[in-house]
Each structure stands twice: as C-alpha cells, then as structure tokens.
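Thanks for coming. I have one chain to go through today, so please have it open on your screens.

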Amino acid sequence: MDDTSDPAAPSTKQEEWRSFLFLTAVMAPVTTIGVVAGWGFAVWIYQLITGDLPG
C-alpha cells in the first residue's frame with residue numbers, strides 16, 4: 001500500500017494551495033450566493049404569506 005492512500009499522511013504544499021484556492025475562489029462565492037438567495041427567498045415567501053408587500 002502506498003502513502004497517498006493513508007488518511008493520516010501529511011499533505012503536500014501543492015495540495016494545501018489547491019485546497020486553499022478551491023475554498024476561496026469557489027466555495028466562498030457559492031456559499032455567499034446561496035445565503036443571499038436563501039434570505040431573499042425567505043423574505044419573499046414571508047411577504048407573500050403576510051401580505052406585507054412594499055409599495
């Protein structure tokens with residue numbers, strides 16, 4: 001068995017950089033968009049249910 005399949009094996013700098021870039025360039029924007037869209041959807045549903053529409 002090689003060392004790459006061992007979960008306790010230390011990661012390389014290249015793997016750490018790849019993980020960091022993935023988290024900052026992909027996951028952070030996706031999470032932010034999801035939170036903002038979810039909040040907007042919740043407000044929209046609340047306004048539909050309560051009839052408290054702006055205008």
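How many residues apart in helix H1 are Phe-41 and Trp-44? They are three residues apart, and therefore about one helical turn separates them. An α-helix has 3.6 residues a turn, so residues three or four places apart point the same way.

Before going further, the ground rules. This is a predicted model: local features need pLDDT of at least 70, side-chain atom pairs count only at pLDDT 80 or more, and totals for chains, interfaces and linings use all residues. Residues are numbered from 1 along each chain as its sequence is written, and side-chain values use heavy atoms, with hydrogens and water left out.

Now the overall picture. The chain has one helix and zero strands; these are DSSP runs, H or I of at least four residues for helices and E of at least two for strands, numbered from the N terminus. Of its 55 residues, 0% count as buried, where buried means under 20% relative accessible area, exposed over 50%, and partly exposed in between, with a 1.4 Å probe and protein chains only. The accessible surface is about 5,100 Å², and 70% of that belongs to carbon and sulfur atoms. Those areas come from the Shrake-Rupley method with a 1.4 Å probe.

Next, the helix itself. The 38 residues of H1 should span 56 Å at 1.5 Å a residue, and the end C-alpha atoms are 53 Å apart, which agrees. The expected span is 1.5 Å times one less than the number of residues. H1 bends by about 35° at Met-27, with Pro-29 following within four residues; the bend is the angle between axes fitted to the seven residues ending there and the seven starting there. After H1 comes Gly-51, with a positive phi near 75°.

On to the aromatics. The whole structure holds two aromatic pairs. In one, the ring centres of Trp-17 and Phe-20 are 5.7 Å apart and the planes are at 85°, so the pair is edge-to-face. Rings of Phe, Tyr and Trp (its six-membered ring) pair if their centres lie within 6.5 Å, with planes under 30 degrees apart stacked, over 60 edge-to-face and the rest tilted. Trp-17 is exposed at 55% relative accessible area, while Phe-20 is partly exposed at 45%. In the other pair, Phe-41 and Trp-44 have ring centres 5.7 Å apart and planes at 50°, so that pair is tilted. Trp-44 is partly exposed, at 46%.
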